[in-house]
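Hi,

Here's the structure I promised to pass on.

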Amino acid sequence: MSPPLLQVRDLRVHFPVRTGGVLFADYTPLKAVDGVSFDLAAGETLGIVGESGCGKSTLGRAVLQLLPPTSGAVAWLGTDVDLADKAALKARRRDMQVVFQDPLASLDPRMTAGAIIAEPLRNYHPELSSPDIKARVARMMEQVGLLPAMLNRYPHEFSGGQCQRIGIARAMILKPKLVVCDEPVSALDVSIRAQVINLLMDLQRELQLSMLFISHDLAVVRHISHRVMVLYLGKMMELADRDSLYRAPRHPYTRALMTAVPIPDPDQERAKPRAVTFGDLPSPLSPPSGCVFRTRCPKATAICAAAAPPLEAVAAGQLVACHHWRT
Amino acid sequence: MAAMGLLAPNGRATGEVRFAGANLLTARESELNAIRGNTLAMVFQDPMTSLTPHMKVGRQLTEVLQRHRGLGKAAARDQAIAMLRRVQIPEPERRFVMYPHELSGGLRQRVMIAMALLCGPRLIIADEPTTALDVTVQAQILDLIRLARDETGTSIILITHDLGVVAGLADRVAVMYAGRIVETGEVRRIFKTPQHPYTQGLLACTPRLDDAATAALRTIPGQPPNLQRLPPGCAYHPRCPYVMDRCRTNRPALLPAAVGGMKACFLDDLHLKAAS
C-alpha cells in the first residue's frame, strides 16, 4: 500500500511566553499543540474543530511548515520533511497551499486579482510565457466562478465572497496535493457561505485534493469532511470518521460541543437538553493536570485529575481520549 | 441603533419609534438619557469594545445605579455584586475590582448583560450578543438571556444572523433584506412554512448539524445588494428563483400572508407551496 499523503506523529508546538522575572525573564511554555498524531490520505478531507485557542490554526501552520514544530514529525508521502533543506522545502510547498479566514486581509491590496492568482505560477514555472500564464489564470478564474474580465481589478473592488474565490484560485492554480483551509467561510455572509462550501467540495473532487478543513462551525465541518478531529487546549480529544463522530460522539467534550450548536428548528432546539459545560476555557499557560477538559467536564472524577487519558480505539477508526468514554 | 439614538452623525432616522408612550426619534438628549440604560437597555456584540477599558467593571455597573436610581455608593455596590452573582459570575467580589481586559469573553458578555438588567428594563435590544463567543459559551449566555427574560418579564429584540439562535429564543421573527422587513411571523411558522423566497433561501443554504447529507448545499445566487445602488422593484429580485416581470419594477408591500404573519412578495402562497 502506498503511504498516506501526510503522516503527523506526536506533533508539539510550544511558544515560550514571558511570565515574570526581573533581571532574567521567566518563560512558561504555551502548549498550543501538544502531541497530535494523524494520517491524511490522498483525496481525503479531515475536519479540525474546537473552540478558539484550542490550537487548530497552529496545527495547520505546523503541518504547512510555516511554524517550526517543537518536536514530533511531519512526513510527506512517507519521507520526513527536513526544515533545513530550503530547496526541498520550496519544492514541497508547491504541493501544499493554504486558504485563510479573512479574504481581504490575505490578498495584497496593491496587486490585481490576475497578478495574485498568477504569482504561484510565476514562482514555480518561470518557463511559462505571459500569454500561457494569462490563459491559465483565466481558466482558474472561471473554475472558481469569477469572470476572467475582472483580471485587472484590485481586491477592494470585490465583495468578501469574491475575494475568498480569489484566495481559493491562488491556492489551487498549482494543482496542489494538500490545501489547508483555515476558517475559509467564517467571515462570509450566510448566503455566500454555501456557495464557497460547494466550490471547495467541487474543486476537491475535480483535483483529487486532500484538505485540512479548520473550523469552529460543526455543521459546516460535518458537511464537508470525511473524518473529523476534535481538539481542546492543544490535545486531541476524539478522532473519527464523520458519521461515527456525529451519530455517536464518545468524548464528553465532543458531546458538549454538539449540544451547544443551535439547530435551526424551533421544536428541536427547545426540546434539547440545556448546556452541559460550565465556565470558560482554562488558561492555556496553566492547563489542568491530567485530562485538560476535566474542569468543565460533567463526568470528571479523581482519576481525571491524576492521569491524562490515553487515546483509545473505541471502534473501527474512532479514537477517544477519555477515562469515562464507556459510560 | 436608530431607536437608541446612537446613529453615526451622518445617519438620519425618520418615522416613529414609540417606547412606553414616548417617541424616541424626536426625544431630547436628556429625555433619551433618562430612558437608555434604564428601562431600555442594550447588549452589544463585542463586549471588549463596548465596555470602557480604563474603568473597573464595578464602577461601570455602579455608575448606572447611581445615575438612574440615585443610589449611594455602598448600596450601588451591593446591588451590582448581587447582579453579577445573578448572571452566574463566579467570585463576583473579585471580578468587581477587575478591568474588562482581565475577564474572558464569556465573562465580559455576562457583565454586559448584568449592566443591562440592573435597572429592571422593560426592553433589551441585544445586537448579536453571542456572535463573538465560542459555541459552549454561547449556549451558556443564551441560557442566561432566556432565564433573565423569564424571571423579569422583559421584552427582548434579538438581532442575529444565526437561525439556530432565533429558533431557540424568539417568539416572533422579522426577516430583513436590504433595509426592509420582507417577512414576519410566529417563530414556528417562519421555520416550517417560510413564505418569502429569501427566508426559504436562507433556511435551505444553512448547513445543519443534524443533517448527514453531503450533496451540494442549496445556494442563494449572486451577492447581497449594494445599499447605495439598490435594484428597482423588489430588492431581492436579481437573486430570486421565482422572479416575475412586475418584481423588476414594483416593490411589493408588506401584507398579511394566508398562513399568518406578513410578507412582502407578489407570489401568492399557493404558488410558493407548489414551487418548493
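A178(B) takes a positive phi near 50° in the hairpin of β6(B) and β7(B), where two residues sit between the strands. This is a predicted model, so keep in mind that local features need pLDDT of at least 70 and side-chain atom pairs count only at pLDDT 80 or more, while totals for chains, interfaces and linings use all residues. As for bookkeeping, residues are numbered from 1 along each chain as its sequence is written, chains are lettered from A and ligands numbered from 1 in the order in which they are written, and side-chain values use heavy atoms, with hydrogens and water left out.

β6 (residues 172-177) and β7 (residues 180-186) of chain B run antiparallel and are joined by six bridges. (Helices, H or I with at least four residues, and strands, E with at least two, are DSSP runs numbered from the N terminus; two strands pair if DSSP finds at least two bridges between them.) T184(B) in β7(B) is the bridge partner of A174(B), and in β9(B) T184(B) has M262(B) as its bridge partner. β7(B) pairs with β9 (residues 262-263) of chain B in the antiparallel sense, over two bridges.

Chain B also has an open sheet of three strands, in the order β3-β4-β5 with parallel pairing. β3 (40-43) and β5 (155-159) of chain B each have a single partner strand, so one side of each is left without a neighbour in the sheet. Neighbouring strands here are turned by 15° against each other on average, direction ignored. (Axes are lines fitted to C-alpha atoms, for helices over the stretch in contact, and angles run from 0 to 180 degrees between N-to-C directions.) Five bridges link β4 (residues 123-127) of chain B to β5(B) in the parallel sense, and L123(B) has S155(B) as its bridge partner in β5(B). Helix α6 (residues 105-117) of chain B packs on this sheet, touching β3 and β4 of chain B, and its direction makes about 175° with that of β3(B). Contact, by the way, means heavy atoms within 4.5 Å.

Over in chain A, four strands form an open sheet in the order β2-β1-β4-β5, with antiparallel pairing. Its edge strands are β2 (26-40) and β5 (79-80) of chain A, each pairing on one side only. β1 (residues 6-20) of chain A runs antiparallel to β2(A), joined by 12 bridges, and V36(A) in β2(A) is the bridge partner of L11(A). Helix α1 (residues 56-63) of chain A packs on that sheet and touches β1, β2 and β4 (71-76) of chain A; the direction of α1 makes about 120° with that of β1(A).

There's a helix pair in chain A too. α5 (residues 160-172) and α6 (residues 190-207) of chain A pack at about 15°, with axes 10 Å apart. They are therefore roughly parallel to each other (the cut-off is under 35 degrees). Residues in the contact include I168(A) and M172(A) from α5(A), and L199(A) and L203(A) from α6(A).

Finally, the interface. Chain A and chain B bury about 3900 Å² between them, 56% of it on carbon and sulfur atoms (buried area is the accessible area, 1.4 Å probe, that two parts lose on being put together, summed over both). On the chain A side, H223(A), P264(A) and R270(A) lose the most area to chain B, together 17% of what that side buries. The contact takes 42 residues from chain A and 49 residues from chain B.

Cheers

Conventions
Angles under 35 degrees count as roughly parallel, over 145 as roughly antiparallel, 65 to 115 as roughly perpendicular and the rest as oblique.
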